Amino acid sequence: MKNSANASDCQSLMEACTLELYQKSIFRITGLPVDATSKEVARQVQKLQMMEEMSGGGTPSTTAAFPLAPPPTTEQTREALARMKEPELRLVDEFFWYWPEKFGDSKNDPAIRALLSGDGQAAIDLWVDRENDGSIVAKHNLAVMFHMFALDWTNHHVAYEIDAGRDEKIKSYWRDSFQRWEILADSDELWDVVKDRVRSLEDEALTTGFVRRMRRVLPQALDRVNAEAALKLAEQGQMDWAKFHVDFMRETNQGLDDVDSTAELVLAPTRRRIDQRLQAAQSKSEETPDQGTQLASELMNAATPLMGIYDLFHGKEAHQRNDLFDGVAETVADLLVAYQKATGDDQSFVKLLKQALQFASGMQIRERLMRNIAIGENNLAASQLAPIFKSLNAITESSQDPSQKLQQVQRTIMTQLPSWASALGPGSETYSNLVNTVAIALRNISIAAHNDTNDTSTATAAIGLALKLAVDPDLKRRMMDDKATLDGIMRQQKQWDRTVKIRSDEFEITQDFVRYNSTKISSADITGLRFGIFTQITNGIASSSYKIGVRGRDAEFSVECKRFFRSDAQAKIDFTAILESLFQQILPNYVTALANNITSGRKTVQIGPLQLTKNGVNCETGSLWWKKQILVPYTNLGFADYQGHVHVSAAAPEKIHFALDRREVWNAVILEKLVEIIKLMLAGNFK
């Protein structure tokens with residue numbers, strides 16, 4: 001099965017495949033056969049010119065298969081003849097018209113002759129017999145004919161009511177057509193016929209490469225026809241018929257088409273109209289904010305029927321649908337906030353914000369709407385709620401870290417909720433809005449704890465408390481997803497917790513702290529790490545030292561894993577276990593925090609003779625009277641690691657080389673990774 005193609009691969013085909021595919025057909029308008037020669041085309045042009053000269057207009061009399069009613073105008077005929085001179089356009093129209101069994105022999109083809117005489121049924125009978133005998137041309141012509149019938153009736157359906165009982169006949173035309181198109185779309189035999197036709201034309205502007213592109217794009221081009229029909233019918237409220245066309249798109253040519261991208265192509269003008277309407281409403285609101293309710297109502301009235309159309313094409317969970325209508329909800333919120341500030345009308349403010357919730361699917365905009373609804377409801381129901389919202393806002397907007405914010409919410413907000421439940425009624429909408437707002441604030445604290453400080457404990461506690469408060473089903477569901485994610489992270493983190501016993505000493509590592517016996521250093525307080533293995537040989541006997549050091553703001557310790565009467569193998573196991581836990585639980589957050597401090601300019605970090613700053617590494621070169629300070633850009637640094645040392649070098653602005661002992665120089669062990677993250681942050685690529 002082939003992969004679906006990009007619609008832009010064959011623009012001529014995509015542009016032709018609209019509801020007017022057969023009404024604008026060169027050959028249906030002119031009455032010429034698909035294999036008309038240049039002389040036959042020239043004669044048709046002369047006829048047109050003669051008609052214009054003799055009568056000032058009109059259409060040349062022609063014998064045409066399935067003539068249009070009303071007949072084409074002179075202008076339409078002239079345009080069709082002009083398109084005949086465009087090789088790609090002509091080939092596309094040839095593809096969607098009736099072929100003789102042998103190109104160049106239409107005059108002698110009995111089915112084509114029957115068509116031109118107006119006997120379509122005779123042509124169908126002949127093609128059915130040939131199709132049963134294996135003719136790919138007959139199968140193609142039947143696909144075109146039933147497709148044309150289906151489209152003619154669908155265009156009629158869009159313009160007028162159809163007679164009772166005609167529904168099933170129209171659907172049968174679509175099915176009969178696509179029963180064949182699905183075979184033809186991927187038929188080598190069919191596309192060989194088209195390639196042979198291209199070669200016979202001997203036109204340098206038309207190649208078999210164009211045929212290959214037509215083949216790739218055909219399923220999507222056919223989808224576009226149904227997508228346009230679905231859109232037109234949905235706009236008229238005929239959702240059952242619109243659904244038939246969308247289902248038809250999804251059921252046919254599976255694996256060869258890209259229904260979502262085709263739908264977006266057809267919906268693009270609709271989306272542009274909505275975007276233009278959003279911009280116009282915003283501009284009008286800036287001039288006259290007191291008209292916000294009128295602008296918001298008009299916007300929602302215009303967008304409401306379109307939701308059904310997008311649901312039909314993409315489904316309720318699709319980003320194409322949700323991105324668009326989140327934008328509608330966002331604009332409505334902007335209009336109403338400006339209106340409320342200008343007028344103080346909380347009644348209309350709340351009423352229209354609740355209507356806007358139907359458009360919002362993104363958590364951020366839903367939270368904003370609910371937060372404003374809560375504010376409006378509280379303004380209406382109890383002005384005395386203002387202090388609790390002010391207090392909550394002060395906590396969330398403060399510069400405190402997430403764990404401190406959580407403590408503040410627990411002390412100052414949670415203790416007040418029982419009295420508010422009693423005053424407002426625990427089942428009241430006002431109280432529900434209040435607890436939803438507190439839950440949203442807690443969720444934001446949880447997200448900040450996870451994303452900004454990697455504090456999983458605070459993130460888990462905050463989301464757990466939020467879950468107990470939230471009453472909005474959608475909000476609760478999202479918070480349950482958050483908690484499930486955090487629980488998984490907590491389980492992963494716990495598996496790297498270690499407590500290593502070295503004789504009577506104990507070394508413990510978690511994400512929150514590092515402890516050696518009674519000396520405990522919080523992860524947030526760590527300022528330095530060093531570790532390494534040193535091996536020496538005395539009188540032919542090797543002895544090793546496995547050393548790990550941790551430094552904090554107020555304490556530090558150094559641990560030797562090799563002890564008397566403990567084997568080298570056991571020391572190596574202890575050393576490895578401690579380092580594995582440090583690398584999982586401590587180093588990622590520690591290195592990232594250092595890099596953040598350096599790149600933000602909040603502080604510099606000294607590692608041996610190197611001072612890491614926002615702009616690069618300060619170091620000293622030369623000796624005696626020739627010493628001088630230089631600044632080396634991070635991008636110029638190179639690293640190597642051997643013989644227990646981290647080797648740092650650079651060729652510019654001057655050649656430097658420093659060897660930092662991993663066991664003795666604080667943070668030498670993280671230097672290379674630290675510089676790597678700093679470079680990513682400075683380039684804006686760190687996530």
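**The sheet and its surroundings**

Modeller: I502 stands opposite D505, a residue of β2. Before going further, this is a predicted model, in which local features need pLDDT of at least 70 and side-chain atom pairs count only at pLDDT 80 or more, while totals for chains, interfaces and linings use all residues. Residues are numbered from 1 along each chain as its sequence is written, and side-chain values use heavy atoms, with hydrogens and water left out.

The strand β2 covers residues 505–509 and is joined to β1 by five bridges, the two running antiparallel; strands are DSSP runs of E with at least two residues, helices are runs of H or I with at least four, and both are numbered from the N terminus. Two strands count as paired if DSSP finds at least two bridges between them. In the whole open sheet, four strands follow the order β1-β2-β3-β4 with antiparallel pairing. Because β1 (498–502) and β4 (519–522) stand at the edges with a single partner strand each, one side of each is left without a neighbour in the sheet. Neighbouring strands here are turned by 10° against each other on average, direction ignored.

Across β1, β2 and β3 (513–516) lies helix α24, residues 568–585, which runs at about 155° to β1. Such angles run from 0 to 180 degrees between N-to-C directions, with axes fitted as lines to C-alpha atoms, for helices over the stretch in contact; contact means heavy atoms within 4.5 Å.

Leaving out residues up to four places away in sequence, R443 touches M363, E367, I463, A466, M479 and D482. The side chains of R443 and D482 are joined by a polar contact of 2.5 Å, that is, a pair of N or O atoms within 3.5 Å, where within protein one must be able to donate a hydrogen and the other to accept it, and residues adjacent in sequence count only if both atoms are side-chain atoms.

Finally, two cysteines are buried as well: C10 has a relative accessible area of 1%, and C619 has a relative accessibility of 1%.

How values were computed: Buried < 20%, exposed > 50% of the residue type's maximum accessible area, 1.4 Å probe, protein only.
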